[in-house]
Amino acid sequence: MWRSPYDAEVTSQHYKNMFSFLRKQETVTAQVNGQPVTIQPGETLLQAALRSEIYFPHSCRVGACATCKCRLLSGRVKELTRSSYVLSDEELARGYILACQSVAQTDIEVEVDIWGDQ
Ligand code: FES
């Protein structure tokens, strides 16, 4: 059966998308209150910050207490659990995320209130 080069390209793209989860993920960088933090693939923002010895408020580490909430200023994260259970609608609208439940998909910039004034 004859196939056009277009078909091959579409098929190739289809398989790339289908198996994208197998692609080696790359490190990304977070700016936490202006301090650079390298985030390893699969690592949460909180894990990366603590590994880098950057003070980051936290407690439960499982998305239940909101102590690690911070504001995502730029970039994109994937939530491991839905933060809407512990963050208010207003906080979500203002871009707040839970650092212990956020895996960066791109370089990100976050602002965290280390004094608990948020
Ligand atoms: S440390 Fe409790 S929600 Fe992140």
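Two strands pair if DSSP finds at least two bridges between them. By that criterion, β3 and β7 pair in the antiparallel sense over three bridges. The structure is a predicted model, in which local features need pLDDT of at least 70, side-chain atom pairs count only at pLDDT 80 or more, and totals for chains, interfaces and linings use all residues. Residues are numbered from 1 along each chain as its sequence is written.

**Secondary structure**
- Three helices and seven strands make up the elements of the chain; helices (H or I, at least four residues) and strands (E, at least two) are DSSP runs, numbered from the N terminus.
- Read from the N terminus on, the order is α-β-β-α-β-β-α-β-β-β.

**Strand pairing**
- β3 also pairs with β5, in the antiparallel sense and over three bridges.
- Cysteine 70 stands opposite isoleucine 97 in β5.
- Serine 74 has glutamate 109, in β7, as its bridge partner.

**Burial and contacts**
- Of the 118 residues in the chain, 25% are buried; a residue is buried if 20 or more other C-beta atoms lie within 10 Å of its own, exposed if 12 or fewer, and partly exposed in between, with C-beta atoms placed from the backbone.
- Two residues are in contact if their C-beta atoms, placed from the backbone, lie within 7 Å.
- Among contacts between residues at least 6 apart in sequence, 56% join residues at least 24 apart.

**Largest nonpolar core**
- A nonpolar core is a set of buried Ala, Val, Leu, Ile, Met, Phe, Trp, Tyr and Cys residues joined through C-beta atoms within 7 Å.
- The largest such core has 23 residues, of which Ala30, Leu45, Ala49, Ala99 and Val110 touch the most other members.
- At least two residues of this core come from each of β1 (28–32), β2 (35–39), α2 (45–51), β3 (69–74), β5 (96–98) and β7 (108–111).
- The element that gives the most to this core is α2, with four residues.
- Not counting residues up to four places away in sequence, alanine 99 touches Thr44, Leu45, Leu46, Ala49, Phe56, Cys68 and Cys70.

**Valine 103**
- Strand β6 (residues 102–104) contains valine 103.
- Valine 103 is classed as partly exposed because 18 other C-beta atoms lie within 10 Å.
- Leaving aside neighbours within four places in sequence, the contacts of valine 103 are Gly42, Thr44, Val77, Lys78 and Leu80.
- Lysine 78 is 25 residues from valine 103 in sequence, and the two are 5.1 Å apart in space, C-alpha to C-alpha.
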